[in-house]
Amino acid sequence: MDSILATIILPPSRNLLTLLDFCYAITLIIYLPFFAMTVGSVTLSVFYRLISDGNPARKEFARELLLQVFPERHYGMLYGAVPVFTVVVVYAQSLYKADIHVVGFLIFGIVATFAGYYFFYRYRSSLREEHLLEQVEALENVPVALAEQIKERKSTVSYTLAWMMIFAPVFLYWAAYLLIGAMEVVLHPNHWAETYSSWQFLTFAGFWWKFLFFLSACFAVSGAAILFFMCKQYDKLSDEGY
């Protein structure tokens, strides 16, 4: 890994680092709110899905939260996963030849982020497909053959949903853990050489403050998105859903 990075990363100069700092600031302005909104929204969606227990209003909220607030998959990847590359490049250039493993943590964070968004959009599309199947199933005079196909497809979608409800939040929270932990390690030069495992993040008090602050920001941003996209700009929920 170190030899690969050495061939890609340029020796830092003042102009290069200034440019990277500017890109870093722009990236965080775009990335952090969207990523926080993703983590908070998927947590709320899964929570309401789990407590729905056949309640259509809760299932509707869990579905419409993701369908109305988030763009389609390609935009989601562009806003939520791609900007992490800029963060990695900035740290790799700024810490050129430093005795620190933070770039490796960030690379694993990239993998976890892409996996998290992949499972997130699988979960989102499965919610949409389930709703569509239920609408078709509720129609009158549905042919028997079609009803059987819908029943089989619903079984497949339910199976997919069950796994995506686990994988999406796990990988997104793991990505947040790696990224926040790596940024915290940079602030402690005396621990650079000895911090070789991501589990060591748990020993930094500053990490806990930043991680808890991030979690609170997730639900704050998600709440603002719900108010704007679902309760103000687009009146998408039914009366029961409200």
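Leaving aside residues up to four places away in sequence, Glu 130 touches Arg 49, Lys 59, Val 157, Ser 158 and Leu 161, where contact means heavy atoms within 4.5 Å. This is a predicted model, in which local features need pLDDT of at least 70 and side-chain atom pairs count only at pLDDT 80 or more, while totals for chains, interfaces and linings use all residues. Residues are numbered from 1 along each chain as its sequence is written, and side-chain values use heavy atoms, with hydrogens and water left out.

**Glu 130**

- Glu 130 is found in helix α6, and helices here are DSSP runs (H or I, at least four residues), as strands are (E, at least two), numbered from the N terminus.
- Because its relative accessibility is 8%, Glu 130 counts as buried, a term that means under 20% relative accessible area with a 1.4 Å probe and protein chains only.
- The side chains of Glu 130 and Arg 49 make a polar contact at 2.7 Å, that is, a pair of N or O atoms within 3.5 Å, of which, within protein, one must be able to donate a hydrogen and the other to accept it, and residues adjacent in sequence count only if both atoms are side-chain atoms.

**Helices α3 and α6**

- The axes of helix α3 (residues 56–69) and helix α6 (residues 102–137) come within 10 Å and cross at roughly 125°, the axes being lines fitted to C-alpha atoms over the stretch in contact, and angles running from 0 to 180 degrees between N-to-C directions.

**Helices α6 and α7**

- Helix α7 (residues 144–186) packs with α6 at an angle of about 155°, and their axes are 6 Å apart.
- The two helices, α6 and α7, are therefore roughly antiparallel to each other.

**The whole protein**

- The protein has eight helices and zero strands.
- Of its 242 residues, 42% count as buried.
- Among contacts between residues at least 6 apart in sequence, 78% join residues at least 24 apart.

Conventions: Buried means under 20% relative accessible area, exposed over 50%, partly exposed in between (1.4 Å probe, protein chains only). Angles under 35 degrees count as roughly parallel, over 145 as roughly antiparallel, 65 to 115 as roughly perpendicular and the rest as oblique.
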